[in-house]
Amino acid sequence: MTATLLSICPALRTAFERTGYDADSLLDMLGDDAHAALGRSEPVPVRRASMDGGDLGVLVRLFLLVDDVVEEDAARALAPVDLDDAVDAGLLTRVVDGTVRTLLDVRPLDAGHGSRWIVSDPDGSMRPAPTAPDHVLGVGQASLSLLRGTPTTPAAEVLDVGTGCGVQAVHAADYAETVTGTDISPRSVQLAAATAALNGLSLELIEGSWFEPVAGRTFDRIVANPPFVVGRGTVEHTYRDSGLDLDGASRLMIGEAPKYLKPGGTAAILASWVHVDGEDWRARVASWLPDHGVDAWILQRDVADPALYVGTWMRDGGLDPRDEANAALAQSWLDHFAAADVRGIGFGFVYLRKTELPTDVLAEDLRHAFEDPLGNEAIAYFDRLTWLRENDPADSVFELDPATALEHVSLPGDEGWHTEVIRVHRGNGPNWQHEIDEVGAMLLAGMRADGMPLNELVALLAAAHGLDFEPLMAGALELTTGLVRHGLVLPSGLVPA
């Protein structure tokens, strides 16, 4: 019987476990420098570091460098997988002089719960090759961003829309009871099934467009890295092109997702949106949401000018912009942007929560660097939003998050240092910063768990400094509400232990 990719996955897993083909062992064998070179798609340092790595080194050259490997070496490293079965299954192909080459990218990934193996198409970074229309993308920067940006709090039923190679679905299996993945590409469903089988996971994988395969169902969490490339409404590569004009894919995803969430359910979505002359990008994305039933936190991580955007995605598709035909494609793409008055393309995260209340939207820039994973911060944000809805801040006691710091920025003047800026800085999570004034700093200084409610603090501050209570209270409420949303100031009951 001819072997299939799924049929060889148990033996392939055994080979990986035997050889130590996992994220930690890979780093140990390569060392920091060669491992960093692997991330930059520079094969020579990786190849040199792997030559004394035995069977593990063979697997690195085979699956990560896409090198041609001597059959005997490959057979030894892949045992108990039979080499003929690997060829029949479409994992390997025989090339000249008794060597084999992989047809698939199979790489270990540790997203926080130990090593998993992800199966995708080779991306051409190590061995140049055309990008097929049904190319299945592997673990790229976008998918890694979403992994770090997805909440990992327990969820019963999770939906991964546009599952691709299955990396988000595999990640969800660590915190969910059941995981469903959908994709319009039959090849994506096939390779996601191989990813699941290789990791011993049971995933429901359904072929179909967007939410059509799960019509009538609802979920506790939705995760999506959809084909959000802002384009001309054509499809050249299914992993990135939706066939919808401009940011239509993100509009569809963000607008439809709430319909498939259970009450209290959340969604984490990567999305792109255009910046159009005379239009606020925040209002554009907010308009995609219903007026009722959704809390939304929209974070713009980057904005690219049209020329940079088109050039980046053309190179992603393996197209040389110096080629005459490709230059014509770039010209058409840029002309399309110009006709729509597009001046930039934004990219970021969209977090949604299903409610029974009027829609609340906060859309903001988060372009500065931060280290902590963003996912569970979204859940904390929604918890803080719930608190603001259900409580009167004026009558509440607040304290500072332990990671909040006060910063004075001073410049030299005629009479010594002169304070130019006062800001509070959150030293964890998204590293938010807020500029405040001296009075705001004094207000925050009085916030502690055993302290006074906000209105009493403001009254004391007004009396001590001869200020009018009413405008001071209005400003204190605005400041405190903003700091609560960003987690710098917290109601005493919400402060982490």
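Q: At what angle do helix H15 and helix H17 pack, and are they roughly parallel or roughly perpendicular to each other?
A: This is a predicted model. In it, H15 covers residues 438–445 and H17 covers residues 469–485, with axes 11 Å apart. Their packing angle is about 70°. Angles of 65 to 115 degrees count as roughly perpendicular, so H15 and H17 are roughly perpendicular to each other.

Q: Which residues in H17 meet H15?
A: H15 passes H17 in a right-handed crossing. From H15 come Val439, Gly440, Leu443 and Leu444. In H17 they meet Leu472, Ala476, Leu479, Thr480 and Leu483.

Q: Where does the largest nonpolar core lie relative to domain 2 and domain 3?
A: This core has 68 residues. Among the members that touch the most others are Trp297, Tyr309 and Leu443. Domain 2 (141–390) and domain 3 (393–491) both give residues to the core, so it lies between them.

Q: Which residues does Tyr309 touch, leaving out those up to four places away in sequence?
A: Tyr309 is one of the core members with the most contacts to other members. Beyond its sequence neighbours, Tyr309 touches Phe228, Val229, Val230, Ser272, Ala304, Phe337 and Ile345.

Note on methods: Residues are numbered from 1 along each chain as its sequence is written. This is a predicted model: local features need pLDDT of at least 70, side-chain atom pairs count only at pLDDT 80 or more; totals for chains, interfaces and linings use all residues. Side-chain values use heavy atoms; hydrogens and water are left out. A nonpolar core is a set of buried Ala, Val, Leu, Ile, Met, Phe, Trp, Tyr and Cys residues joined through side-chain atoms within 4.5 Å. Buried means under 20% relative accessible area, exposed over 50%, partly exposed in between (1.4 Å probe, protein chains only). Domain bounds come from an automatic or database domain assignment. Contact means heavy atoms within 4.5 Å. Axes are lines fitted to C-alpha atoms, for helices over the stretch in contact, and angles run from 0 to 180 degrees between N-to-C directions. Helices (H or I, at least four residues) and strands (E, at least two) are DSSP runs, numbered from the N terminus. Angles under 35 degrees count as roughly parallel, over 145 as roughly antiparallel, 65 to 115 as roughly perpendicular and the rest as oblique. A crossing is left-handed if the near helix is turned anticlockwise from the far one by less than a right angle, and right-handed if clockwise.
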